[in-house]
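Please read them with the structure open.

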Amino acid sequence: MENEQSRMNEKEEIIYNSIRKNPYISQQELADILDLSRPTVANLISGLIKKGRILGKAYILNEARQIICIGGANVDRKFYMKEQAQLGTSNPVRSTQSAGGVARNVAENLGRLGKEVILLTACGTDADWDAIEKASNTYMNLDYVTAFPSISTGSYTAVLEQDGNLLVALADMEAYEHLTPDVLSKQEALLSRSSAIVADLNCPKETLEYLTHFAEVSQIPLVLVPVSSPKMVRLPEALEKVSWIICNRDESETKFGMTIETEADWRKAVQNWLDAGVQNVIVTNGKLGAMAGSRAEGIIHEPAIVVADIQDVTGAGDAFCSAVIYAWLEGRSLREVLQAGSVNAARTLESEYTVRQNLSTSQLQKDLEELIK
């Protein structure tokens, strides 16, 4: 007799029967039948695999080339100051908790933009991971996450001032030291079929060196997203096979031992990245916008979009990176790539959520059209 856990729901039955009739049916065709997004269909298929209704994962892997995001997936706890912060005493706040982490945030943004995404990270077997899984599995495939019972899932705690700016943050990222080359080497078949690999600098340096070598051998685009200035020491030594680095002013200053005070300094930082071998680079600079450089299109500047009512700065950088990756994979020009990143970051600043809840391909296009007017 069929037990409750193996029983299929209505949508799963439609998918199951459709695959029985046509084993080569695409996820997009299934999405059209059910009037769902491709990431949602991928998640339903993953559920069928877990229930034993579909054997193996070849169907998912061979049907489409996913973006693989590697790095941080943690619980974000945010404390919003109700008054001016005072040290050495108790401060009244209101608090929220959500799923975060650079790689996870990028994965959710891309999933909401209709891309098929796989997240590779390390986690504990705890309530924090359960919360992350529940918040994330609609937008990305979590089947390949490696759990370690002996560790705690990553966490990020931010204290935000009344104007939304960050006062102090505490990051427990020890879990990602377990994202070793040995762990990733077990997923080489998966990595070799990806359309792009996105890795944040929560990964150990030897892991990033491994990914750089893998990208060179497999000819897979590699995007590196720094997490903070202190973690710039984790950058691989050879950057010639890195397709993109998307970083901010402070991270560039740390990398090149320079101070960026003028537009000429800023342009020089972009050129330094290109001279180091990176194929494409963006250096963001807060309210001054972003400057991008590529071997093919030179160096260009895009002004920042003025946001009058900033709700929360957390996640804006990840939103920028995600839209840049999305637009680049869609074949857009360097200017269009920059605009996509700027718009998504601005709209995320206006949201209390780390990943804005109204993000979709049509919404991003609408936002871009409003910018260009």
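1. Two strands are taken to pair if DSSP finds at least two bridges between them. Helices (H or I, at least four residues) and strands (E, at least two) are DSSP runs, numbered from the N terminus. The model is predicted: local features need pLDDT of at least 70, side-chain atom pairs count only at pLDDT 80 or more, and totals for chains, interfaces and linings use all residues. Residues are numbered from 1 along each chain as its sequence is written, and side-chain values use heavy atoms, with hydrogens and water left out.

2. Strand β11 (residues 244–248) is joined to strand β10 (residues 222–225) by two bridges, the two running parallel; V223 stands opposite W244 in β11. With β12 (residues 280–284), β11 pairs in the parallel sense over five bridges, and C247 stands opposite V283 in β12. Four of the five residues of β11 are buried, so the strand is largely enclosed by the rest of the structure. Buried means under 20% relative accessible area, exposed over 50%, and partly exposed in between (1.4 Å probe, protein chains only).

3. These strands belong to an open sheet of eight, in the order β4-β1-β9-β10-β11-β12-β13-β14, with mixed pairing. Its edge strands, β4 (117–120) and β14 (298–302), each pair on one side only. The twist averages 15° from one strand to the next; axes are lines fitted to C-alpha atoms, for helices over the stretch in contact, and angles run from 0 to 180 degrees between N-to-C directions.

4. Two helices that pack on this sheet deserve a look. Helix α5 (residues 102–112) touches β1 (67–70), β4, β9 (196–200) and β10, and its direction makes about 155° with that of β1. Helix α11 (residues 263–275) touches β11, β12, β13 (290–294) and β14, at about 35° to the direction of β13. Contact means heavy atoms within 4.5 Å.

5. The largest nonpolar core has 46 residues, and those with the most contacts inside it are I70, L120, L211, I245 and W273. Such a core is a set of buried Ala, Val, Leu, Ile, Met, Phe, Trp, Tyr and Cys residues joined through side-chain atoms within 4.5 Å. Not counting residues up to four places away in sequence, W273 touches residues including I245, C247 and V283. A second, separate core of 44 residues includes V102, I132, L142 and V337.

6. The other open sheet to check has four strands in the order β3-β2-β7-β8, with mixed pairing. At its edges stand β3 (93–100) and β8 (166–172), each with a single partner strand, so one side of each is left without a neighbour in the sheet. Strand β2 (residues 74–81) runs antiparallel to β3, with eight bridges joining them; V75 has A99 as its bridge partner in β3.

7. Which residues does S322 contact, leaving aside its neighbours within four places in sequence? They are N105, V106, N109 and L110. S322 lies in helix α12 (residues 316–329) and counts as buried because its relative accessibility is 0%.

8. Helices α12 and α13 (residues 334–349) pack at an angle of about 150°, with their axes 7 Å apart. Among the residues that meet are F320 and W328 in α12, and V337 and L338 in α13.

9. Helix α3 (residues 38–50) has 13 residues, 10 of them buried. Among the buried ones are R38, P39 and V41. Just after α3, G52 takes a positive phi of about 80°.
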